[in-house]
Every structure is written in structure tokens, then in C-alpha cells.
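Hi everyone, thanks for coming.

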Amino acid sequence: MTSMGITIFALMTIAIAALFIYFAQYSRFGPTIRKIGGTSPAMAAIFLIFGLNLAFVSNEVWGLYDKAKAVVATEGDALRSLARVAQSIRAPIGKEFMIALQRYETYAVGDGWNALRTGSAYGEGGSSGPLVALANSDEMAKAASPNAVGQLIAGVNTVRTARNERFALASSGMNPVKWIFLCFLDIVALLAVSLASMEKKSPHIVASVLFLLSTVPPIIMLANQSNPYAGFTAVSPKPIETALEHLTEQLEKSRSK
């Protein structure tokens with residue numbers, strides 16, 4: 001959220017609080033509004049306990065998001081470095097490596113990214129096997145310096161690790177036991193809220209509605225965001241797309257020569 005958004009949120013919160021005080025204490029609707037108050041003090045403890053549990057899950061979900069974003073950035077940087085090293089190799093195997101790299105990147109931002117969104121395993125097209133084979137081949141050892149070969153092997157290993165971590169992060173947030181446990185706690189907490197305020201009809205209804213509004217929407221949003229590569233604010237493949245655009249441009253230039 002931007003600083004402007006935070007400012008607007010703060011002003012709205014202050015305005016809502018001020019309007020509620022006015023209507024409850026000074027307007028002609030005050031007596032009616034005050035009738036629905038008087039919920040049990042136990043409500044605060046229930047909200048606090050469930051709120052802490054919800055905050056824990058939120059922290060885990062957004063932690064996965066930050067890791068997923070960092071992994072894609074690392075992979076994109078490694079792919080660009082590999083392209084630069086391969087471009088410096090004048091022998092045909094250098095261009096062959098670049099074509100294999102382009103094939104990997106094209107799959108990663110296409111079918112591979114769709115697989116990430118669904119949490120499924122990557123297909124054979126997403127394998128870095130051809131890159132490993134080319135980087136470790138005798139032909140590459142003859143065509144490139146030991147330093148260049150070492151950079152290619154290290155870069156390919158970085159790409160493989162990042163690719164595997166991307167798919168691990170996409171599936172780690174989909175553990176159904178975690179969400180079943182959270183939903184179960186929500187139902188139990190809702191029953192506790194209802195039992196704590198059921199002596200009067202209006203407070204009972206208000207307490208139940210407020211609890212539902214404060215728990216159900218966040219749970220739905222967190223479950224939607226549990227896969228960092230899907231959901232409302234999905235991690236973008238932009239770093240890999242940038243690497244692909246740069247590599248494609250270099251290959252087109254080499255073909256035109």
C-alpha cells in the first residue's frame with residue numbers, strides 16, 4: 001500500500017469512529033444504537049486469540065510471497081548472466097547453448113508459469129537438462145575458457161535451484177490440513193462469541209456479524225494467496241521475461257549477420 005493509501009485509510013478510520021460516536025451518543029438514533037451494545041467482555045479475549053492465529057498464518061503466507069519474488073529475481077539474473085557468457089563463446093556451441101536457454105525461458109514464462117499457478121509439477125519442457133549437458137560437454141570445454149565454463153556450470157546450477165524452489169513454494173502453501181485447522185478454529189471461535197453474548201438478541205447478532213466480517217474475508221483472501229504465483233497479487237515472471245527478451249534480441253542479431 002502506498003503512503004497515499006495509508007493516509008486515506010487512516011482518515012477513513014478516524015471518520016468512521018467519529019461518526020459512530022456521534023450517532024451513538026448525540027443523534028436521535030442514539031438510544032436504538034446503544035441497545036445493541038453491551039457484548040460480553042469475553043469477546044475481547046476470543047478476538048485476540050483468533051486474531052493472533054490469523055496473524056501467524058498471514059505472516060507465513062506473505063513470507064512465502066517474498067521468498068517466491070526473490071527466487072524469480074535470482075533466476076532472471078542468472079539467466080541473463082548465462083546469456084552474456086554464452087554470447088562471448090564464438091564457437092557454434094555458444095549459439096546452441098543460447099537456443100537451449102531460450103527454449104527453457106519460453107517454457108518458464110508460458111506453460112511452466114501456468115503449472116506454477118495450479119501448483120502442479122513442471123513438465124519435461126521445463127527441464128534444465130539440455131543446459132547442464134551443454135555446459136559440461138567436451139565440446140564446450142574445447143570452445144570456451146575454463147573460467148567461462150565454470151560460470152556456465154555455476155549459472156545453470158543457480159537456475160536449477162531457483163526453478164525447483166519456485167515449484168516447491170507454489171505447492172507448499174496448498175497444504176489442506178493448515179486451512180482445515182484454521183477454518184475449524186474460526187467455527188469454534190464463532191460459537192464461543194455467540195455463547196458469550198446470547199443473553200440479549202441485538203448484542204448476539206451484532207457480535208456474530210462482526211466476528212464473521214473480521215475473520216471470513218481474511219481467511220478467503222489468505223487461502224487465495226497461499227500460492228504466491230496465483231491469487232490477487234501473484235508474483236510476476238517479469239525477470240525471466242526480461243531475460244528472454246534480451247536473449248531473443250541477441251539471437252536475432254546473430255542471425256542477421
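Leucine 101 touches Leu79, Leu82, Ala83, Leu131 and Leu247, leaving aside residues up to four places away in sequence; contact here means heavy atoms within 4.5 Å. This is a predicted model, where local features need pLDDT of at least 70 and side-chain atom pairs count only at pLDDT 80 or more, while totals for chains, interfaces and linings use all residues. Residues are numbered from 1 along each chain as its sequence is written, and side-chain values use heavy atoms, with hydrogens and water left out.

Now the wider setting. The largest nonpolar core has 42 residues, and Phe97, Leu101, Met140, Leu152 and Tyr229 touch the most other members. By nonpolar core I mean buried Ala, Val, Leu, Ile, Met, Phe, Trp, Tyr and Cys residues joined through side-chain atoms within 4.5 Å. Buried is under 20% relative accessible area, exposed over 50%, and partly exposed in between, with a 1.4 Å probe and protein chains only.

On to the rings: there are 2 aromatic pairs. Rings of Phe, Tyr and Trp (its six-membered ring) pair if their centres lie within 6.5 Å; planes under 30 degrees apart are stacked, over 60 edge-to-face, the rest tilted.

Tryptophan 62 and tyrosine 65 have ring centres 5.6 Å apart and planes at 75°, so they are edge-to-face. Tryptophan 62 is partly exposed, at 37%, and tyrosine 65 is buried, at 15%.

Tryptophan 113 and tyrosine 229 are also edge-to-face, with centres 5.3 Å apart and planes at 90°. Both tryptophan 113 and tyrosine 229 are buried.
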